[in-house]
Amino acid sequence: MQQSPKELVIVGGGVIGLSTAYYALKEGYDVTVLDRSLPHEGSCSSANAGMIVPSHFTPLAAPGVIGKGLRWLLDKESPFYVRPSLSLQLAHWGWLFCQHANQTHVEAVREVLCKLNLESRRLFQELAREDDFGLQSRGLLMLCQSQKTLDEEAEVAHQARELGLKAELLDAATASKLDPNIEMNIAGAVHFAEDCHLDPARFLASLGKRIEQMGGKIIHNCPIDKITFRDGKVSAVSGSSGTFDARHFVIAGGSWSTDLVRQVGLKLPMQSGKGYSLTLSHPTQLPQLCSILTEAKVAVTPMGNSLRFAGTMEIGGHNTDINPARVRGIVKAAIRYFPNFKISDFDGIEPWVGLRPVSPDGMPYLGKVPSLDNLVVATGHAMMGLSLGPVTGKLVTELLMMRRPSIGLNSLSPSRFS
Ligand SMILES: Cc1cc2nc3c(=O)[nH]c(=O)nc-3n(C[C@H](O)[C@H](O)[C@H](O)COP(=O)(O)OP(=O)(O)OC[C@H]3O[C@@H](n4cnc5c(N)ncnc54)[C@H](O)[C@@H]3O)c2cc1C
């Protein structure tokens with residue numbers, strides 16, 4: 001059978017794969033998404049904190065992170081952990097991370113991160129006009145309990161304003177006026193007005209519905225373990241459910257992408273960054289704004305009548321075991337910042353686990369594989385995958401169409417560590 005020149009197969013049906021499918025369909029591609037999991041299972045995208053974050057222009061690899069991380073290693077309830085392992089991949093990733101945790105790197109990438117997040121925010125708003133998925137554009141509060149943290153966040157706010165973002169330093173009383181629905185035990189906060197939030201499961205359902213309405217196919221229970229390529233082109237991907245050939249391919253397999261692309265000779269240093277979320281369906285108080293409990297690194301997001309607390313970054317392996325001490329760390333942080341909440345409010349709440357795809361320099365991998373004309377990689381978004389979903393989908397589609405990407409992608413090249 002003759003292959004359509006616009007036939008596209010995407011491996012991975014998380015927020016990156018589905019966003020890519022949507023924008024490619026809009027450009028007339030014939031799209032099939034393959035995912036080895038069932039809907040809402042096995043992906044990092046379904047129950048994350050749902051924040052859209054222009055305020056996150058500092059990559060994970062930044063000055064001070066290593067010292068803080070080392071101190072946290074000794075605390076079982078801390079928000080950061082590296083699982084000890086003899087893995088060479090982890091050692092290489094750690095070495096690259098240390099190479100990038102400096103001011104020069106942060107300054108080199110913050111403008112592009114800000115641009116990507118702002119464009120993605122614009123696309124979220126455009127998508128919300130077509131189909132309401134509950135996007136809330138009220139901003140985000142960085143809640144600080146100590147004056148030292150508040151001073152650090154004031155400096156971030158200053159940098160944000162230099163990038164053209166709206167960021168305002170608030171004392172505790174002014175922060176309370178902005179979100180009177182919740183009592184907060186804080187020294188002050190920074191309000192990032194452009195940040196937004198949503199329920200990620202609702203957003204994914206909206207994307208999935210549109211993809212099907214536009215004629216795209218999403219095939220679940222379809223693991224892919226082989227990429228067939230010859231003469232500079234991929235001809236098919238295959239696994240136990242069959243072989244799928246096409247003209248174009250995108251790998252958007254989240255944390256698991258490294259193993260797949262190794263077959264085509266691409267080294268994609270990446271670690272899984274395990275995190276948890278806990279969702280209270282009847283919270284004692286329901287804030288209107290999303291917030292980050294800055295010292296504790298816990299994200300808090302109202303989703304309809306529910307309230308979600310999310311946190312922890314446990315580096316290493318594809319393991320989804322739940323560590324009760326880390327979950328306890330999230331709960332204890334919640335009651336420290338929000339005195340009307342009690343530990344017992346969290347009794348019986350099942351933690352959700354997600355594996356973030358974390359690159360060592362804190363930048364996504366987005367681009368063509370140099371030796372293969374028709375293979376694009378889109379992964380490594382770490383803590384910003386939801387936020388950067390739409391812009392990633394749009395940029396991947398521009399690459400498929402051989403257009404000059406609307407945002408420079410040099411710092412995101414998937415071959416930058418090869
Ligand atoms: C606790 C927590 C809170 C977070 N909060 C936020 C937030 O507020 N804002 C934000 O922007 N980001 C947040 N994130 C990060 C965000 O969730 C991730 O960056 C994002 O979900 C990654 O999306 P993805 O599509 O790359 O990967 P995934 O969502 O993991 O999707 C990859 C998909 O590929 C499939 N797959 C993998 N390998 C194969 C294969 N070989 N064959 C077939 N299918 C395959 C998997 O089954 C999976 O469905 C959070 C993450 C966590 C853990």
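These legends describe close-up views of a predicted model. Residues are numbered from 1 along each chain as its sequence is written, and side-chain values use heavy atoms, with hydrogens and water left out. Because the model is predicted, local features need pLDDT of at least 70 and side-chain atom pairs count only at pLDDT 80 or more, whereas totals for chains, interfaces and linings use all residues.

**View 1. The shell around the ligand.** The ligand is surrounded by 38 residues, where a residue is near a molecule or strand if one of its heavy atoms lies within 4 Å of it. Asp-35, Ser-45, Ile-224, Ala-382 and Ser-387 are the closest. By class, the shell holds 20 nonpolar, 15 polar and three charged residues. Here Ala, Val, Leu, Ile, Met, Phe, Trp, Tyr, Cys and Pro count as nonpolar, Asp, Glu, Lys and Arg as charged, and the others, Gly among them, as polar. Helix H1 (15-26), strand E14 (271-280) and strand E18 (352-358) each supply at least two residues of the shell. The largest share, three residues, comes from E18. Helices (H or I, at least four residues) and strands (E, at least two) are DSSP runs, numbered from the N terminus.

View 2. From Ile-16, a polar backbone atom lies 3.1 Å from an oxygen atom of the ligand. Taken alone the ligand exposes 1,000 Å², and the protein buries 97% of that. Accessible areas come from the Shrake-Rupley method with a 1.4 Å probe; for residues, only the protein chains shown count as cover.

**View 3. Helix H7 and its ends.** H7 (residues 200-213) has 14 residues and reaches 20 Å from its first C-alpha to its last, close to the 20 Å expected at 1.5 Å a residue. The expected span is 1.5 Å times one less than the number of residues. At the N-terminal end, Asp-199 caps the helix, with a side-chain oxygen 3.0 Å from the backbone nitrogen of Ala-201. H7 is followed by Gly-215, whose phi is positive, near 95°.

**View 4. Arg-210 in H7.** Arg-210 lies in helix H7 and counts as buried because its relative accessibility is 5%; buried means under 20% relative accessible area, exposed over 50%, partly exposed in between (1.4 Å probe, protein chains only). Leaving aside neighbours within four places in sequence, Arg-210 is in contact (heavy atoms within 4.5 Å) with Tyr-22, Leu-127, Glu-130, Asp-131 and Phe-133. Other buried residues of H7 include Phe-203, Leu-204 and Ile-211. Among the elements covering the buried residues of H7 are H1, helix H4 (103-130) and helix H10 (389-400).

**View 5. Two residues with positive phi.** Most residues other than glycine have a negative phi. Lys-297 has a positive phi, near 55°, and is found in the loop between strand E15 (290-293) and E16. Its relative accessible area is 40%, so Lys-297 is partly exposed. Met-402, in the segment after H10, has a positive phi of about 60° although it is not a glycine. Met-402 counts as exposed, at 62% relative accessibility.

Note on methods
Polar contact = N/O pair within 3.5 Å; in protein donor to acceptor, adjacent residues only side chain to side chain.
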